[in-house]
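Me: Hi! Could you walk me through some of the charged residues in this one?
Reply: Happy to, let's take a look.

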Amino acid sequence: MSRPRFGISRCLLGECVRYDGRHKLDPYLRDQLGPLVEWVPVCPEVECGLPVPREPIRLVGERLETVETRRDLTARMEEFCRRRAEELAELELAGFIFKSKSPSCGLSGVGIFDAAGNRVGEGRGCFAAAWLRRFPGYVAVEAEALREPGARRELERRIEELSK
């Protein structure tokens, strides 16, 4: 039986890569799913060259920018997303587990702001959007959704099928 390979937001495995220098360790992913899959950790913000710690970022319309200095990171992130998606394709991933609400990794519910800093809607993080465009139909789930027992069972079932 082989273990399927899944991408995962690095902070979910306990790596201190977040803007505040912290992590978002998810014990379920590490301890229960970890033995069933081969993780490929990804942090778009660090991998596109941003430091830890760093200024927070957010989506402003269709741009990705730093919150305080308003530096536009859109082109930098788009280039990273194109390059990294191709690298991940070579690794034959079965899916990806994303950090919820992240401006780079959130699948849904990511705040979109106007130029004045007012939240005007919700969308998808830059890397998550690029992943879904490049890998339609692959497993894509947010860690927060896996708090629900039904979502956990469904993901475990899919992993079992992929392991055969």
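Me: Is R83 buried, partly exposed or exposed?
Reply: R83 counts as partly exposed, at 38% relative accessibility. Keep in mind that this is a predicted model.

Me: Which side chain does R83 meet in a salt bridge?
Reply: That would be E87, with an N to O distance of 3.8 Å. E87 is partly exposed, with a relative accessible area of 34%.

Me: And what does R84 pair with?
Reply: R84 also forms a salt bridge with E87, and their closest N and O atoms are 3.2 Å apart. These two sit three residues apart in helix α3. R84 counts as buried, at 11% relative accessibility.

Me: Which residues end up in one network?
Reply: E47, R83, R84 and E87 are joined through salt bridges that share partners.

Me: What about E79, which residue is its salt-bridge partner?
Reply: R82, with the closest N and O atoms 3.1 Å apart. Helix α3 covers residues 74-90, and E79 and R82 are three residues apart in it. E79 is partly exposed, at 40% relative accessible area.

Me: How many salt bridges does the structure hold?
Reply: There are 17.

Me: Changing topic: where is R18?
Reply: R18 is in the loop between β1 (5-9) and α1 (27-33). R18 is buried because its relative accessible area is 18%, under the 20% cut-off.

Me: What is R18 in contact with, leaving aside neighbours within four places in sequence?
Reply: C11, H23, K24, V52, R54 and K99.

Technical notes: Residues numbered from 1 in each chain as written. Predicted model: local features only at pLDDT ≥ 70, side-chain atom pairs only at ≥ 80, totals over all residues. Heavy atoms only, no water. Helix = DSSP H or I, 4+ residues; strand = E, 2+ residues; numbered from the N terminus. Buried < 20%, exposed > 50% of the residue type's maximum accessible area, 1.4 Å probe, protein only. Contact = heavy atoms within 4.5 Å. Salt bridge = Lys/Arg side-chain N within 4 Å of Asp/Glu carboxyl O.
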